Amino acid sequence: MGAEFVPLPQSAGYAVVVGLGAVFAFGMMLTTYLLRRYNKEIITAEEFATAGRSVKSGLISAAVVSSWTWAATLLTSTTQVYKNGIFGSCSYAFGATVQITLFASLAIKAKERAPLARTYLEIVRARYGKTTHMIYIFWGFATNILVTAMLLTGGSATITDLTGMHPVAACLLVGLSPTVYSVFGGLKATILTDYAHTVIMVVVIIIFAFSTWATNHKLGSPSVVWELITELGKTRPVEGNAEGSYLTFHSRSGGIFFVINIVGNFGTVFLDNGYFNKAFAADPKSAYKGYILGSLAWLPIPAFCSLTLGFAALALEQTEYWPLGRAMTADEVALGLVLPNASAALLGKGGAVLSLIMVYMAVTSAMSSELIAVSTICTYDIYRTYINPQATGKKLIWISHLSCAAFAYIMAGFAIGLYYANVSMGFLYELMGIIIGGAVLSSAMTILSSKQNWYAATFTPPIATALAIMSWLVCCKTKFGAVNYDNLFEDDAMLTGNVVALLFPLITVPLFTLIFKPQHFDWKLLETRITRVDEEEELIEATKSDSQEEDPEKLEPVRSQISMIASDIAQQEQVRQRYSEEQVQLRKAFKTCVIVCVSLTLALLVVWPMPMYGSKYIFSRHFFIGWVVVFFIWIWYTVFQVIVYPIWEGRSSLASTARGIYWDCTGQTYKLRAWQNSHPEDMHAVRSQIQAQLSASRSAPMVVDGRAVQTDMANIDDAMSDEKK
């Protein structure tokens, strides 16, 4: 990518992309086998998409942190520090934390009102019908395509810069590992792998932090870094910053990016089905806790990583340690190559290896989430809804697998095209708000407000997006004289398009609702219009196939629970009662969640940054040292929340799995069989999948003209047309 010096050989790139990827793929396949053998997990279509709807808050937090740590999280945030100084780290971190925090409220309402949903698009269809559903499918896919394109372009550029691997090879190979383990294990595999990726990324960030701020002879302390950055502000001042300093929040370019970042990331959270996947997968008590705690654990990752490596790049770029031997070009900066060059300057080849691994972990973990998001939409919103409504669980799993693989390599081809067109990750990052921001408000109101009508939900996204694109192009033409790639990438043009996309729906949604009257939607209809897949036969077949290899007595508890699906009315009543209790819990939690989310949002967007921006304060030596110490402490909270706490939460399952492995390895399989027969309630298939099947029966059939009628997806369009009339 224009670099004369490559710190690592191509073999290192292939070792990480192919070798490390194979280790993760094999490890996840092994984990899937262990869960099946010792926890009796049966990968049905529902399990593939929802992970049994029983994931606890610790793993949800780790999954949120991993999924939200893209290549852009590390590369773009570091680029912002390099360009705009210390506000660059906070403009990215603060501007992208609030969306995850606010999404916690949406997650609670989605689980409460549509407990059987797998995608938010199912809620759109159940409420507004086919036309609106198709519109939001388009915006959902647009979100997944833009995010995945950024992952592949940023990841491949970094791998190429560090190893010299051809970008085409990088684009094709980066997605291989997440595709394999996503196909084999579904959402559960993605969440478990997210945990492992998060551990590696956080450890690497801490290594860089200790090196920059404490141990490395090239820098080694906040005081030394402060002196070098202060001097750089005098010799190479930043245009638009207070006194040209890198040590101030008052940055014009940084402020513009702050707004663009906020707008764009609302779309990539609220319209990305990957986050709804995790919300639906969470245990009801864990949904909002996982997102709120996960957002607080995520914040120091971009903030501290970019502060560390961005300032390391600024301090070392003019020294003999810099791997390029010259300053980076504007194109190299836009590609996100500040971080890999800074890591190589700081720790030599070791730093290059660490940054290569860290970026690869970020790319693959986020990509696996995108794969599951797309496969769920293809399976439930397209195939089961419009092609084969009576599809069996086996057929749906096959479609899920096919969708994962197809999307991965369609996107690889798209990323290769972007490489040859010289479209950078930074450009895509700022573009995404213009393309998808117009659907944010109406999609959120679909879940939060019973009054938003069909017209507001249907027409708002295309109108807002068309106006956003028009505003972007007009601003570019009038302010810079010509519409071309470089001018479209200018701050003012991007800012105009992003702001119009997010804010124009504030006009259209209430206007359409006022003109065409509020809808007054009955949320109970979601319980009958969104249905589970009937997988009783698949569950029984799975136990039969297992019984061919194992003692049939061992699986008797599972079979007996399956048979209760059709016969045990008392159990059904218990499930109904538990479901009602969960709804009450979620309604109570929503009020607390809103207060916490709004408070955190105001703190991160107003109370913390605005006084520092308006005062034009330039960090003193002691204030800067304190700033570094605060984030050093904060990153240790991240370690606890997403590394230690999930292990503590899952200690019982880990202990039972370890016990089963020990009994198998020592030839005491009879003890494993006896334990499983005496503890059927601890087996995942019994605890989540079977009970979930029972919960599907809680929705009594509707009575029409004295006859019992079960509402299904085929009736929804008729119902929608009646409601519009």
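Hello everyone. What we have here is a predicted model, where local features need pLDDT of at least 70, side-chain atom pairs count only at pLDDT 80 or more, and totals for chains, interfaces and linings use all residues. Residues are numbered from 1 along each chain as its sequence is written, and side-chain values use heavy atoms, leaving out hydrogens and water.

Let's begin with helix pairs. Two packed helices are described by the angle between their axes and the distance between the axes. Helices are DSSP runs (H or I, at least four residues), numbered from the N terminus. Axes are lines fitted to C-alpha atoms over the stretch in contact, with angles from 0 to 180 degrees between N-to-C directions.

Take H7 (130-163) and H18 (425-436). Their axes come within 9 Å and cross at roughly 170 degrees. That makes H7 roughly antiparallel to H18 (the term is for angles over 145 degrees). Touching here means heavy atoms within 4.5 Å; among the residues involved are Trp 139 and Leu 146 of H7 and Tyr 429 and Met 432 of H18. The contact has eleven nonpolar, three polar and no charged residues. Nonpolar covers Ala, Val, Leu, Ile, Met, Phe, Trp, Tyr, Cys and Pro; charged covers Asp, Glu, Lys and Arg; the others, Gly among them, are polar.

Next, H11 (252-270) and H22 (491-503) have axes that come within 9 Å and cross at roughly 35 degrees. The crossing of H11 and H22 is left-handed (the near helix is turned anticlockwise from the far one by less than a right angle; clockwise would be right-handed).

Our last pair is H10 (222-235) and H29 (621-649), whose axes come within 9 Å and cross at roughly 125 degrees. H10 and H29 are therefore oblique to each other, and their crossing is right-handed. Trp 226 in H10 and Phe 624 in H29 are among the residues that meet.

Now for the second largest pocket, with a volume of about 1100 Å³. Which residues lie nearest its centre? They are Lys 83, Ala 330, Val 333, Ala 334 and Phe 489, out of 37 lining residues. H7, H11 and H18 come back here, as each supplies at least two residues of the lining. H4 gives the most, with six residues. The lining divides into 17 nonpolar, twelve polar and eight charged residues.

Definitions and conventions:
Angles under 35 degrees count as roughly parallel, over 145 as roughly antiparallel, 65 to 115 as roughly perpendicular and the rest as oblique. On a 1 Å grid over the protein atoms alone, a cavity is a set of points where a 1.4 Å probe fits but cannot get out, and a pocket is an open set with protein on both sides within 12 Å along at least five of seven lines; lining residues have an atom within 4 Å of a point. Grid points are joined across faces, edges and corners, and a volume is the space filled by probe spheres set on the points.
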